[in-house]
Amino acid sequence: MMAKISVLGLGAMGSRMAANLLKAGHAVTVWNRTPAAADALVAAGATQAANPKVAAGGADFVIAMVRDDEASRSVWLTPETGALSGMTEGSIAIESSTLTPGWIRELGSAFAQGSHAFLEAPVAGSRPQAEAGQLVYLVGGDEVVLNAAETVLRSMGSGVRHVGPLGSGATVKLATNALLGVQVTALAELIGLLSKSGIDARRAIDAIASTAAWSPAATYLSNTMLAENFTPQFPIELIEKDFGYVIGEASSADAVPTLVAAREVFRQAIERGFGADNMTGVVRLFK
């Protein structure tokens, strides 16, 4: 069934999500802070809105995919142009950005006051998965709302996992990214160690990959490190932001020492000027 869907934020992820919604036959309206980012989508059949409020008007679903809490607050709640003030009765808001659980719960309260349905649906996956429609949604919120939105989510993803009430999706997404990031820093350090020990790092990694210690993600991570291909899929500066968010959820830094140490590796890479590179670019700190 065709739905009227607005997508707010057309970065690497949002633009690909909007493209898949168009391919699925939905009527798509888009907005981005930099208007030129919408050009290709408009050429493919999307309608461009002047601001989030205008984009939300008449939409069945309004999806946001932006950088952080601050950008999310601006997109949804800015008094004159925010999407919440433009939403119509019966529409559903879906926040797919990687945000803090506290902000998600605050945003959920704002929607509840306006009697609008709200779902958080952050995604696991990066640019290739977004382009292929293979994202995995980690959903927090009311199951009834999820049932109404699931068909739309499956236009962009291969999996939809309901993990609990509002805030749960953000927490699980941050935990997912932290687990990925720890693998990145560990592999970077080990490849550096192997190389400096005079061992053929690629041959050694192939051997380790045949053991039970290997993870599916490690193949992609190690291959890009060994090939020195740091074209951004998940930039260093964004995963460092996510580490800051997840550490903030802990009772103290002492409760998550491994995550604190991993974040410091990404912070060092940013200081060296690698922030826009793919997260695997941290290997340059150790080779």
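**Exercise 1. Work out which residues of helix α7 are buried and where they lie around the helix axis.**

Solution. In this predicted model, helix α7 runs over residues 143–153, and its buried residues are V145, L146, A149, V152 and L153. The next step is to look at their directions: they cover an arc of only 105 degrees around the axis, which puts them on the same side of α7. On the face of α7 that is turned away from this buried side, one finds the exposed residues E143, V144, N147 and T151. Finally, the N-terminal end of α7 is capped by D142, of which a side-chain oxygen lies 2.7 Å from the backbone nitrogen of V144.

**Exercise 2. Describe how helices α8 and α9 pack, and state which residues make the contact.**

Solution. The crossing of the two helices is right-handed. From α8, the residues making the contact are I191, L194 and S195, while α9 contributes A201, A204 and I205.

**Exercise 3. Locate T280, decide whether T280 is buried or exposed, and identify its partners.**

Solution. T280 belongs to the segment after α12, the helix of residues 257–271. Its relative accessible area is 0%, and because a residue counts as buried under 20%, T280 is buried. Once its neighbours within four places in sequence are left aside, T280 is in contact with V184, L221, T224, M225, N229 and F230. For one of these residues, T224, a polar contact can also be named, in which the side chains of T280 and T224 are joined at 3.2 Å.

**Exercise 4. Carry out the analysis for E240: find its helix, its accessibility and its contacts.**

Solution. E240 is found in helix α11, which spans residues 236–249. With a relative accessible area of 12%, E240 is buried, because the cut-off for that class is under 20%. If residues up to four places away in sequence are not counted, E240 touches R263, F266, R267 and I270. Among these partners, R263 also takes part in a polar contact of 2.8 Å, which joins its side chain to that of E240.

Terms used:
Residues numbered from 1 in each chain as written. Predicted model: local features only at pLDDT ≥ 70, side-chain atom pairs only at ≥ 80, totals over all residues. Heavy atoms only, no water. Buried < 20%, exposed > 50% of the residue type's maximum accessible area, 1.4 Å probe, protein only. Helix = DSSP H or I, 4+ residues; strand = E, 2+ residues; numbered from the N terminus. Arc of directions from axis to C-beta. Polar contact = N/O pair within 3.5 Å; in protein donor to acceptor, adjacent residues only side chain to side chain. Axes fitted to C-alpha atoms, helices over the stretch in contact; angles between N-to-C directions. Left-handed = near helix turned anticlockwise from the far one by under 90°. Contact = heavy atoms within 4.5 Å.
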